[in-house]
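Please look over the sequence and the structure shown here before reading on. The notes that follow are grouped by topic.

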Amino acid sequence: MATKRAYVQVNGLKKHYGDGDARLTVLDGIDTSINRGEICVMLGPSGSGKSTFLNLIGGLEDADGGSIMVDGCDLTVLKPADLGEYRRRELGFVFQFYNLVPDLTIKENIEVTAHLSKNPLNVDDLLRSLGLYEHRNKFPRQVSGGQQQRCAIGRALVKNPGLLLCDEPTGALDYKTSKEILQLMEDVNRTYGCTIIIVTHNTAIARMANRVLRLRDGRIVEDGLNESPVSAAELDW
Ligand SMILES: Nc1ncnc2c1ncn2[C@@H]1O[C@H](COP(=O)(O)OP(=O)(O)OP(=O)(O)O)[C@@H](O)[C@H]1O
Ligand SMILES: [Mg+2]
């Protein structure tokens, strides 16, 4: 059982794009904290800043103000090399559109990120639990969208990351495949205790979360604990 303590702590986080008349404030002072081992679901309308938030936590973009502590380390003051090390060591990132390498097989796509980690999971075991073992020697274009997304999740998971960031992981998937992917994330959370942040438009997914964040116009308008999350299998929409 994972210990509950603040693992991600965000204070006064700000981000804007552009300058002068074109200046757009995207994150307008975000404060929140997420405990180790939690599943956190972030909701909010299109353009409210969800992906930007995830990119900042993932060290893919720089903040303009505030702090982002992950496991006691402030990302906003890290040097680029240390930020790279943080991404390799701590982080799994699942993007909406899979981001697989087309010229590598399903297995090779997962192996390349396994090499980044000091304590990777066993690739064949992971392929089996992802339901991809029989497809391991195919290229991404030869498998379905759901299988590609499972592979993308496998790429993130094989590193055995402390923090798994998922931007619309089911956005391009049908109902049945979406539920399988969510069940997989739940399994991984239970088995390895990784902290998961899922950004989604699907409010039903919030029912499986320990914590629900809702963004609107770059501000958090809801930050609540869900006392009785349901299992992914029970979700319906
Ligand atoms: N690189 C960029 N340059 C300029 N503006 C950007 C950039 N990235 C995002 N934006 C703007 O920032 C705002 C927030 O974008 P973001 O992608 O975080 O929204 P989102 O909540 O993820 O939306 P969606 O649900 O549609 O994915 C949007 O108005 C977007 O147009
Ligand atoms: Mg987005």
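How many bridges join strand β1 to β2? In this predicted model, strand β1 (residues 6-17) is joined to β2 by 9 bridges, and the two run antiparallel.

**Sheet and hairpin**

- The pairing of A6 with N35 is one of the contacts between these strands, N35 being the bridge partner of A6 in β2.
- Strands β1 and β2 belong to an open sheet of 4 strands, which follow the order β2-β1-β4-β5 with antiparallel pairing.
- Because β2 (24-35) and β5 (73-74) stand at the edges and each has a single partner strand, one side of each is left without a neighbour in the sheet.
- Helix α1 (residues 50-57) lies across β1, β2 and β4 (65-70), and its direction makes an angle of about 120 degrees with β1.
- Elsewhere in the chain, strand β9 (residues 211-216) pairs with strand β10 (residues 219-225) in the antiparallel sense over 6 bridges, and D223 in β10 is the bridge partner of L213.
- β9 and β10 form a hairpin with 2 residues between them, and D217 in the turn has a positive phi of about 50 degrees.

**Nonpolar cores**

- The largest nonpolar core has 41 residues, and I110, I196 and I198 are those with the most contacts inside it.
- At least two residues of this core come from each of β3 (39-43), α3 (106-114), α4 (123-129), α5 (145-157), β7 (163-167), α6 (175-192) and β8 (195-199).
- Leaving aside residues up to four places away in sequence, I110 touches V123, L126, L127, L130, C151, G154, R155 and V158.
- A second, separate core of 27 residues includes Y86, L91, L165 and V199.

**Cavity and loop residues**

- A search of the whole structure finds 1 cavity of 30 Å³ or more, and the largest cavity holds about 40 Å³ of space.
- The lining of the largest cavity is made up of L121, L157, N160, P161, V188, Y192 and C194.
- N160, one of these lining residues, is found in the loop between α5 and β7 and has a positive phi of about 55 degrees although it is not a glycine.
- N160 has a relative accessibility of 23%, and therefore counts as partly exposed.
- E168 has its place in the loop between β7 and α6, and its phi is near 50 degrees, a positive value in a residue other than glycine.
- E168 has a relative accessibility of 10%, and so counts as buried.

Terms used. Residues numbered from 1 in each chain as written. Chains lettered and ligands numbered in written order. Predicted model: local features only at pLDDT ≥ 70, side-chain atom pairs only at ≥ 80, totals over all residues. Heavy atoms only, no water. Core = buried A, V, L, I, M, F, W, Y, C linked by side-chain atoms within 4.5 Å. Buried < 20%, exposed > 50% of the residue type's maximum accessible area, 1.4 Å probe, protein only. Contact = heavy atoms within 4.5 Å. Pairing = 2+ DSSP bridges. Axes fitted to C-alpha atoms, helices over the stretch in contact; angles between N-to-C directions. 1 Å grid on protein atoms, 1.4 Å probe; cavity = no way out; pocket = protein on both sides within 12 Å on 5 of 7 lines; lining within 4 Å. Points joined across faces, edges and corners; volume = space filled by probe spheres on them.
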